[in-house]
Amino acid sequence: QGYEGLVEGGHNIKQANWLSVSNIIQLGGTVIGSARCKAFTTRAGRLRAARNLVEHGVTNLCVIGGDGSLTGADIFRSEWGGLLEELVQDGQISEEAAQEYSHLNIVGLVGSIDNDFCGTDMTIGTDSALHRIMEVVDAITTTAQSHQRTFVLEVMGRHCGYLALVSGLASGADWLFIPESPPEDGWEDLMCERLGE
């Protein structure tokens with residue numbers, strides 16, 4: 001469950017084996033769970049997470065996520081030494097354990113359907129999102145044509161119009177709104193004229 005699993009510990013932290021990943025290749029990556037974790041945004045929460053990692057002998061984290069997840073990973077990494085010192089002072093871990101697990105390795109991978117990270121062609125999740133959008137468009141296009149109706153489809157993307165733009169191109173959309181290029185005044189008349197054509 002992401003950082004929630006780190007903070008809660010217990011059965012959330014366990015070693016994966018072949019059986020753990022059997023029959024999940026067709027599923028999305030969130031099959032391992034994901035959660036927004038308010039506790040991890042606090043030092044107390046990160047302290048619990050550090051204790052749980054030391055107790056399980058974990059010194060490597062692979063964090064897949066967006067801005068919040070990767071910012072949290074960077075803060076966790078920068079605080080790691082101080083967190084271990086505090087755990088030793090509170091008697092929650094031994095001095096030996098603090099020395100043995102003194103270094104935390106973190107790999108951060110951008111998992112964002114927005115495809116808004118420079119230096120990569122496509123972030124993790126973008127292709128899956130586009131695939132799903134096109135399935136939906138294919139499903140509603142026949143209905144729209146048979147009823148001679150206009151359909152409006154809203155896609156995700158927060159401040160990034162990548163999914164809207166690419167799915168609009170792929171589906172032959174007649175009109176498109178993206179946050180990077182807000183509509184100008186009078187767009188309604190222009191759109192109606194275009195659709196009328």
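The model is predicted, so local features need pLDDT of at least 70 and side-chain atom pairs count only at pLDDT 80 or more, while totals for chains, interfaces and linings use all residues. Residues are numbered from 1 along each chain as its sequence is written, and side-chain values use heavy atoms, with hydrogens and water left out.

One of the pairs joins Phe40 and Phe76 edge-to-face, at 5.2 Å centre to centre and with 65° between the planes. This pair links distant parts of the chain, 36 residues apart: Phe40 sits in the loop between α1 (2-8) and α2 (43-55), and Phe76 in helix α3 (residues 67-89). Helices (H or I, at least four residues) and strands (E, at least two) are DSSP runs, numbered from the N terminus. Phe40 is likewise buried, at 4% relative accessibility. Together with Tyr3 and Trp80, Phe40 and Phe76 form one aromatic cluster.

Phe177 and Trp187 also form an edge-to-face pair, with 4.8 Å centre to centre and 85° between the planes. Here Phe177 belongs to the loop between α6 (162-171) and α7 (187-196), and Trp187 to helix α7, ten residues apart. Phe177 is partly exposed, with a relative accessible area of 39%, and Trp187 is partly exposed at 27%.

Turning to the overall layout, the chain is divided into domain 1 (2-110) and domain 2 (126-196), with bounds from an automatic or database domain assignment. The centres of the two domains, taken over C-alpha atoms, are 39 Å apart.

Asp114 lies in the loop between β2 and α5 (126-147). Asp114 counts as buried because its relative accessibility is 9%. Leaving aside residues up to four places away in sequence, Asp114 touches Thr126, Gly157, Arg158, Cys160 and Tyr162, a contact being heavy atoms within 4.5 Å.

Finally, Leu109 is found in strand β2 (residues 105-110) and is partly exposed, at 33% relative accessibility.

Note on methods. Buried means under 20% relative accessible area, exposed over 50%, partly exposed in between (1.4 Å probe, protein chains only). Rings of Phe, Tyr and Trp (its six-membered ring) pair if their centres lie within 6.5 Å; planes under 30 degrees apart count as stacked, over 60 as edge-to-face and the rest as tilted.
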